Amino acid sequence: MQAKKRYFILLSAGSCLALLFYFGGLQFRASRSHSRREEHSGRNGLHHPSPDHFWPRFPDALRPFVPWDQLENEDSSVHISPRQKRDANSSIYKGKKCRMESCFDFTLCKKNGFKVYVYPQQKGEKIAESYQNILAAIEGSRFYTSDPSQACLFVLSLDTLDRDQLSPQYVHNLRSKVQSLHLWNNGRNHLIFNLYSGTWPDYTEDVGFDIGQAMLAKASISTENFRPNFDVSIPLFSKDHPRTGGERGFLKFNTIPPLRKYMLVFKGKRYLTGIGSDTRNALYHVHNGEDVVLLTTCKHGKDWQKHKDSRCDRDNTEYEKYDYREMLHNATFCLVPRGRRLGSFRFLEALQAACIPVMLSNGWELPFSEVISWNQAAVIGDERLLLQIPSTIRSIHQDKILALRQQTQFLWEAYFSSVEKIVLTTLEIIQDRIFKHISRNSLIWNKHPGGLFVLPQYSSYLGDFPYYYANLGLKPPPKFTAVIHAVTPLVSQSQPVLKLLVAAARSQYCAQIIVLWNCDKPLPAKHRWPATAVPVIVIEGESKVMSSRFLPYDNIVTDAVLSLDEDTVLSTTEVDFAFTVWQSFPERIVGYPARSHFWDNSKERWGYTSKWTNDYSMVLTGAAIYHKYYHYLYTHYLPASLKNMVDQLANCEDILMNFLVSAVTKLPPIKVTQKKQYKETMMGQPSGDCF
């Protein structure tokens, strides 16, 4: 049996060899014959069409390696499809493969950190108010530099926001103007802001000039054209969007159950023709006139009547019956369908109103999608499944609705309520890409207080911030550092500052005492300070200005800081009580002396009073406990103009610290009571100079 198998294998192998020699020889003869014919034709100056070859013909030599971003300059029009040709000619596609690693020069950021330079405005160039607000936000930020040699990122002063050729804000000849900039460098390390691109009827995403290797901070950008970790998707905002500050969200209190009068609402234009018309034209299928109210109107544009359909009159009549604001504030969900472009003003309007956005814009790269988890604040729908939207949102549990609604308010106030916040969020995202080793994680971006107030330069560990103890399962450390601000010479052993030092040192929670000597007189000798059970460190202030008391001194080794004025009178028991209260509220200021600010109608300005009332808005840092991170924020986050004002007045630094902490936490300080009336001398008089 084994012999038969061996015989069969040998016979098969022999047959295969015979076939191989036969066909191989045929090909070899054909090839040689073809070569002789070509040689003969060459001698006679004739050319005969060559037959199909049995073996593929390879190029004579491999082409040298060419970087991908130089391929577009090659003459390679052969075998390119019409779509590829169109894309090659469209400026937004030329750098489609750009990423931070290939189109950004990191070396510019290593020496001076993340600094942003804005080109000087050119004479005669018109700039829309919205773009002026963007430039002002950059110039007022801690990232701004007026020296281009110090810059890591460059922003044009030429208005690139509106690239719709039919718009009065459209800037002509932008291509040549940009190319003439001596720092342009093919757009490398440049950031271009854009809200509107393309024009009727297609509304493409072409910005109308070659952006080269520049990054786009663009509204209504599609996932197809969005370059991940390079571009930044920003929201579409109106020209009336506030430059700074901005209104808070409209959610004043949580209602249980969290359902409102309307389940789903929309009120807007209906496009009869062209791009963006399909979805809005189909909304009437879902509208029931009760808890699902989706209203559209044909009345827009000069020639709308030429295109009106059989539903226009009925839709227009229904449209006028409802007030948009009333619907917005009384709806659980707000539909956000695409318009002519992918983005819509309805998006920000819904966020502010605590109306959960139901996105209906396939292919839209949602704003700041790189860092924001939109599934925590919105419902992402599909235009092709419009009829399923009502049943989908009705199936969402009330607990989830409440969580979604609360997240809309956080995101609105953290990143979208002003042009300044939109711009700063854009810059912070880019900074995180550059310095990846200290970049913020998803928890920081999607949880209060948000990425703008948690500076990674301070620490990369969440436990070093006052906002994440509960998330990490930690308790605030059980010790504090007392920082006493001394401004008068030490002439007597009975001075209040020495009694205060002893009282603080006796606290069971005190780790050390730092005396910040901001007096013009020399430092007292060491023996002048009383002996204590904890270390006493005396630091002489270099600049001796008011803001120096809030510098992030390396000597402060504890998370908690007990800030004290030299004339404060507190007992050890009162110190202990304040600290135990702070341990339950580590993100807030906790202390004794309370103040109030109010609007003075007679003077038409803000006022400030120390009168005892039934309410308060501040706890002064003359006797207060807070987290040491606020020293870092005060020094590195606040605008220099505010700190300079405090230093010039030699006052009001405690008010500025209160405003900072409240702006971050959206919470008031906590006042604790004393066994006896709090005594203060220098701070006793109300001051209106701070306002």
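The charged end of which residue sits over the ring of Tyr324? It is that of Arg346, 5.0 Å from the ring centre. Lys267 has its charged end over the ring of Tyr319, 4.5 Å from the centre. Here, "over" means that NZ of Lys or CZ of Arg is within 6 Å of the ring centre and within 35 degrees of the ring normal.

This is a predicted model: local features need pLDDT of at least 70, side-chain atom pairs count only at pLDDT 80 or more, and totals for chains, interfaces and linings use all residues. Residues are numbered from 1 along each chain as its sequence is written, and side-chain values use heavy atoms, leaving out hydrogens and water.

Now the rings. The structure holds 30 aromatic pairs. Rings of Phe, Tyr and Trp (its six-membered ring) pair if their centres lie within 6.5 Å; planes under 30 degrees apart count as stacked, over 60 as edge-to-face and the rest as tilted. Tyr415 and Phe416 are edge-to-face, because their centres are 6.5 Å apart and their planes stand at 85°. Both residues are buried (under 20% relative accessible area; exposed is over 50%, partly exposed in between; 1.4 Å probe, protein chains only). Ring pairs link Tyr415 and Phe416 into a cluster that includes Phe347, Trp364 and Trp445.

An open sheet of 3 strands has the order 19-18-20, with antiparallel pairing. Strands 19 (605–609) and 20 (618–619) are at the edges with a single partner strand each, so one side of each lacks a neighbour in the sheet. Strands are DSSP runs of E, at least two residues, numbered from the N terminus; two of them pair if DSSP finds at least two bridges between them. Strand 18 (residues 594–600) pairs with strand 20 over 2 bridges. Arg595 stands opposite Met618 in strand 20.

Conventions: Helix = DSSP H or I, 4+ residues; strand = E, 2+ residues; numbered from the N terminus.
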